[in-house]
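Morning, everyone. Let me walk you through one structure. Please look at the screen.

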Amino acid sequence: MSLCDPEEVALKTFFLGPQAENASWVLDEVEMIFRHWFQWRRRLFPKDGVAISEKDQKEISYQEKQKQFRDLLHNLLNRYEKEVPKFSPRYIGHMVSETSLPALFGHMITLLHNPNNISGEVSKVGALLEKEAIAFLSEMLGFDVSLAQGHFTSGGTVANIEALWRARFRMDHWLALGCYERSIGFSSRDLIEYAHRGWKDFKKVKDLLSPEDSELRFFSFVANAPWRSVPEIEKVFGQDFKGPVVLVPNNKHYSWQKAVSLLGLGETSLWSVALDPKGQLCIKDLQDKIKKALLQQRPVLMVVSVAGTTELGEIDSIDEVQDVLDSYKEKGIEIWHHVDGAYGGFFCSLLGDPYTEEVLQVKDQKALKSISRTHSVTIDPHKLGYVPFSCGAIIVHNEEDYETSSFSAPYVLQKNLNTWMRTLEGSRSATGAAATWLTALSIGLGPHGYGRIIRRSIWSKMQLEEQMKKEIAEAYFVPGCTTNILCFCIAFKGESLSEVSRRSEYLYEQFPLSGPFYVSRTVLKFENYGELLKKFIQLWEAPIDQDSLCVLRLVLMNPFFTSKETQISFPEAFVHTLKELILKFSQK
Ligand SMILES: *Cc1c(COP(=O)(O)O)cnc(C)c1O
């Protein structure tokens with residue numbers, strides 16, 4: 001018989017543990033890492049001689065400074081004792097948890113070398129690690145690794161903006177070329193056709209027409225500003241042009257508002273796609289919105305679907321969205337499909353294992369498997385990748401779609417640009433890339449590595465939900481929480497939305513003081529979650545006295561929440577505390 005359950009080897013080896021169980025091993029490795037760092041310097045230029053002598057080090061004022069510094073270190077460490085204990089299984093609040101050891105070591109080692117991935121000149125190794133790490137993520141997401149391109153960002157917000165930046169780049173190029181072709185009387189294609197052409201024919205058409213650069217720049221709304229180029233576009237096509245729209249599901253992450261605002265598309269260009277009763281992107285409404293946009297002669301710059309929504313952790317039907325877009329593609333209208341997998345991209349690590357069925361619906365698996373059919377993906381290793389902040393990534397299906405540039409001639413497809421031309425951010429640390437790299441090679445991004453850890457987290461959610469259902473008749477679970485996020489409220493029959501919301505707020509504030517447990521809350525608005533809420537609140541026949549409902553939100557990411565070894569059972573302790581707090585609220 002093996003000493004450690006093979007199911008648990010990955011999580012037990014690769015996390016420090018809530019009581020620092022792996023401390024001695026970690027200390028050994030930390031010491032080795034620093035020793036190696038010292039030796040590296042000494043070996044590289046051994047004859048250069050020392051700059052700080054032993055005599056210097058014996059100087060009293062020198063030693064006093066060191067002592068003062070040590071006090072400051074203690075001061076800083078002490079201050080951090082008040083930090084939110086995100087390592088603990090008691091922390092089930094936001095999308096963050098204990099970081100894995102490979103990720104921590106990869107991050108730390110990189111800090112010692114401090115590469116700047118802005119350019120190969122200041123990052124020789126870091127830049128290569130980034131390429132390799134992007135390939136590992138691409139493979140996990142199901143992309144063809146020989147085609148996929150991408151880079152690390154400071155997070156999902158920047159990655160989302162980067163995707164929209166590229167979609168805009170493509171649309172702008174085609175519109176400018178289309179305007180030129182029309183202006184010389186060569187074509188009868190309309191604006192919608194031009195706006196939705198993929199890169200495939202671009203070079204061919206451009207070579208054929210061979211316009212001067214300045215002739216294309218004249219029509220480009222990136223090179224000029226919309227207020228300069230739109231009148232020209234309208235003249236050429238003989239019609240109004242109100243600009244493109246971006247279709248985002250109605251649970252829209254605030255990064256999309258920032259994106260359209262920054263890219264000068266206008267806040268009104270963001271069109272919400274309605275959510276169905278489960279809180280997922282409604283395919284029928286998507287179809288209606290695309291039709292409506294095209295009827296108004298407004299090109300669809302991008303359709304966004306979400307893998308792992310911020311509120312409920314659910315996965316949109318990416319496959320069905322792509323089916324809809326494919327039907328347009330057959331008509332010559334290629335619409336950019338971006339998957340916001342900032343949170344849920346790592347659920348792909350579950351795919352390809354028979355056990356997956358126990359924790360992930362077939363429908364969700366199908367959706368995740370379809371990511372490879374889309375144009376681009378946002379994925380945040382600093383969320384479900386158990387990697388330290390800040391680490392997000394944008395991955396694009398192929399080289400052409402990866403193209404972007406804001407300042408060089410926007411109509412030329414340039415190869416081999418410096419990386420800094422192709423990233424929104426300038427100076428970039430290689431910490432996230434190295435953390436992801438070491439993770440992928442040690443734990444593995446497949447079903448037997450991360451897949452096991454993440455499967456465990458979904459299973460933990462299921463366990464906790466079961467336990468609550470058994471013991472608390474007044475617990476109602478928000479539909480659509482199909483992964484490792486659990487949203488719920490406590491409601492008595494006939495209780496109004498405001499009363500239930502007040503209780504949620506109370507529980508949210510009291511949990512860190514009792515138990516303690518660290519939870520989060522979210523406010524579901526009718527404006528966004530109308531269909532879902534209408535159905536949900538019928539369960540306790542709630543009078544609608546306000547336009548939203550506050551619910552508690554638990555993100556069950558911690559790998560040890562359902563550990564068999566711990567002295568207390570966290571799910572039981574949580575339910576026990578919850579029951580006490582419900583009672584306290586009723587006695588207020
Ligand atoms: C977290 C999140 C983002 C933003 O990511 P940051 O890393 O916080 O910038 C975008 N979209 C979704 C769905 C997210 O959950």
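Start with Cys-550. Its sulfur sits 9.2 Å from the closest cysteine sulfur, in Cys-489, and that is too far for a bond. A disulfide here is a pair of cysteine sulfur atoms within 2.5 Å. Cys-550 counts as buried because its relative accessibility is 3%; buried means under 20% relative accessible area, exposed over 50%, partly exposed in between, with a 1.4 Å probe and protein chains only.

Now Cys-282. Its closest cysteine sulfur, in Cys-481, is 19 Å away, so too far for a bond. How many disulfides does the structure hold? It holds 0.

A word on the source. This is a predicted model: local features need pLDDT of at least 70, side-chain atom pairs count only at pLDDT 80 or more, and totals for chains, interfaces and linings use all residues. Residues are numbered from 1 along each chain as its sequence is written, and side-chain values use heavy atoms, leaving out hydrogens and water.

Next, the sheet. It is open, with 7 strands in the order β1-β7-β6-β5-β4-β2-β3 and mixed pairing. Strands are DSSP runs (E, at least two residues), helices likewise (H or I, at least four), numbered from the N terminus. Two strands pair if DSSP finds at least two bridges between them. At the edges are β1 (149-153) and β3 (270-273), each pairing on one side only.

Zoom in on β2 (245-249) and β4 (300-306). They pair in the parallel sense over 3 bridges. Val-245 has Val-300 in β4 as its bridge partner.

Last, a helix. α14 (318-329) packs on the sheet and touches β4 and β5 (337-341). Contact means heavy atoms within 4.5 Å.

Terms used
Axes fitted to C-alpha atoms, helices over the stretch in contact; angles between N-to-C directions.
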